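Let's take a walk through this protein chain, from a spot on its surface to the contacts inside. Keep the viewer open and follow along.

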Amino acid sequence: MQRFSFLRPVATGLALLAVLLTFGAAPATAQPSQDTTQIAFDEAVRTALDQNTNIKRAQAQARQSNVQVQSEWMDFAPDLSINSDISRRVGRNFSQVTGDFTTQSTDFFNLSGRSSVTLFNGFENVSSLREAREQAGADQRNLKRTQREVVFTVMDQFIALVESREIVRVRREQVEAQRKRLRQIEEFVEAGSRPTSDLYTAEADLADAEQQLLQGKREREVSHTQLIQTLQLNPRAAYDFQVPGLEEASPEPTQYELSALIDEAFQNRLDLRVAEAERRAAEQGIRSARSSYYPSLSLGGNYGTDWSSRGVGGNVSDDFTNQLDVNRGGGVSLSLSIPIFNRLQRSNQVEQAQVQAQNAEYALEDQRQEIALQVRQSYLDYQNATQQLEAADKRLRAAERARTAAQERYRLGSADIVELQNALRDYVDAASQQVRARYELFFQQKRIDYNVGRLSPSAPLLGAPADQ
């Protein structure tokens, strides 16, 4: 047994290094305690809907579209302006008051109001209004779609966080099991029933289990950080994300029909409604561009008065109010404009609008195809996840029996350390894979709800999705 004595310092060093990495070195100065904010899933969803920058950008775009609709509505209303100016003429100038030229300095004041309204412009204002309303509807649906995307992202990250916590729990249990096994083997070695090499192997296995625990903790912190980023929380603060009941949740397999899922997605998906609205908006853009071929008709009117320092009829004694009253006047005009030739700009505008409408049609077809493929892929992934969970459950049960048998055989001396080591590692891997398979099935169920358009911001994380 002494021929393996040179391995003891190495194995002991590995074990000490893993322990230090697990618990951390003692800080030079004590860190102040930090309050931990507990955040449940529902609160996380509300926080994301309030603070996520993608939602804020979608909200800004929706507000901009509503402003554009109001602007298009105002094109039907008449405009109104009031103009006033004060001037002084010096030197030789023509006086409209006396009807001749004068060299005297003359002061003038003018006040007038103008208004005009478009009676007909080839239905350009009607088409532009319809286009703006369709685009506003598309942006509103896109906002709701963005909200659903954020909710799904939060849900995905919550599931990943809970999964990483479960992995940490499994690996921590394995560390405790390795420590118990190490103590047992130490007793066997001291009694002389096992070689010293078994002790070194057990110490190395403990160090490996502690290293795997560290890796699991890192994955947990990565999931934790991703949630902080999605929720736009303060990175300096401490948070505890809670999902009551998710650790104990056992997803029940559900039978899905692919064709029915695709039809439901075509009916519910908001991004498809967005593409349809954008196509209708592009069609209105063609009508708006064609309006430039038609004549335009507008009605206008003006009314005003003025004052001159030379008075009315050269009578400089006229006061200010009397001149304003005497000089009142106005008129009404009807303006007709017939386009004849504008360097082919109208044809170019119509052609550009038609190209945009065609591109919108292609985008709609692509969106339908993408939705169908997303539903198909999520359906296949769910079927695979169901099979993976069944296989993981069988493997875990078999690995647990093999571990128990190997431990008993090793205790009785009929199995060596390698057989026990392989059985333990296979059990840990089987337990980890079973946890991942369970949460993968849970996630794929939610992905189907998301891809067919069932998931909404008010949907719970556990149980059936909320009705639309």
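A patch, as the word is used here, is made of residues with over 30% relative accessible area and no salt bridge, with nonpolar side chains joined within 5 Å. Keep in mind that this is a predicted model. With that in hand, look for Leu-336, Ile-338, Ile-340, Phe-341 and Leu-344: they form a nonpolar patch on the surface, and together they have about 620 Å² of accessible area. Leu-344 sits in the loop between strand E8 (329-337) and helix H9 (345-412). Its relative accessibility is 52%, so Leu-344 counts as exposed.

Now zoom out. The protein chain has 10 helices and eight strands. Of its 468 residues, 38% are buried. It exposes about 27,000 Å², and carbon and sulfur atoms supply 50% of that. Among contacts with a separation of 6 or more, 82% are between residues 24 or more positions apart.

On to the strands. E5 (residues 106-120) and E7 (residues 296-308) run antiparallel, joined by 12 bridges; one to find is Ser-112, whose bridge partner in E7 is Gly-304. E7 also runs antiparallel to E8, with nine bridges joining them, and here Tyr-303 stands opposite Gly-330 in E8.

Finally, the charges. The count comes to 25 salt bridges. In one of them, Glu-134 pairs with Arg-280, with the closest N and O atoms 3.0 Å apart. Glu-134 is in helix H4 and Arg-280 in helix H7 (residues 270-290), so this pair ties together parts that are 146 residues apart in sequence. Compare Arg-169 and Glu-166, whose closest N and O atoms are 3.2 Å apart in their salt bridge: they are three residues apart in helix H4, so about one helical turn separates them. Arg-169 is partly exposed at 33% relative accessibility, whereas Glu-166 is buried at 9%. Elsewhere, Arg-145, Glu-149, Arg-269 and Asp-271 are linked in a network of salt bridges.

How values were computed. Residues numbered from 1 in each chain as written. Predicted model: local features only at pLDDT ≥ 70, side-chain atom pairs only at ≥ 80, totals over all residues. Heavy atoms only, no water. Patch = residues over 30% accessible without salt bridge, like charges linked within 9 Å, V, L, I, M, F, W, Y side chains within 5 Å. Areas by Shrake-Rupley, 256 points an atom, 1.4 Å probe, with all protein chains shown as cover. Salt bridge = Lys/Arg side-chain N within 4 Å of Asp/Glu carboxyl O. Helix = DSSP H or I, 4+ residues; strand = E, 2+ residues; numbered from the N terminus. Buried < 20%, exposed > 50% of the residue type's maximum accessible area, 1.4 Å probe, protein only. Contact = heavy atoms within 4.5 Å. Pairing = 2+ DSSP bridges.
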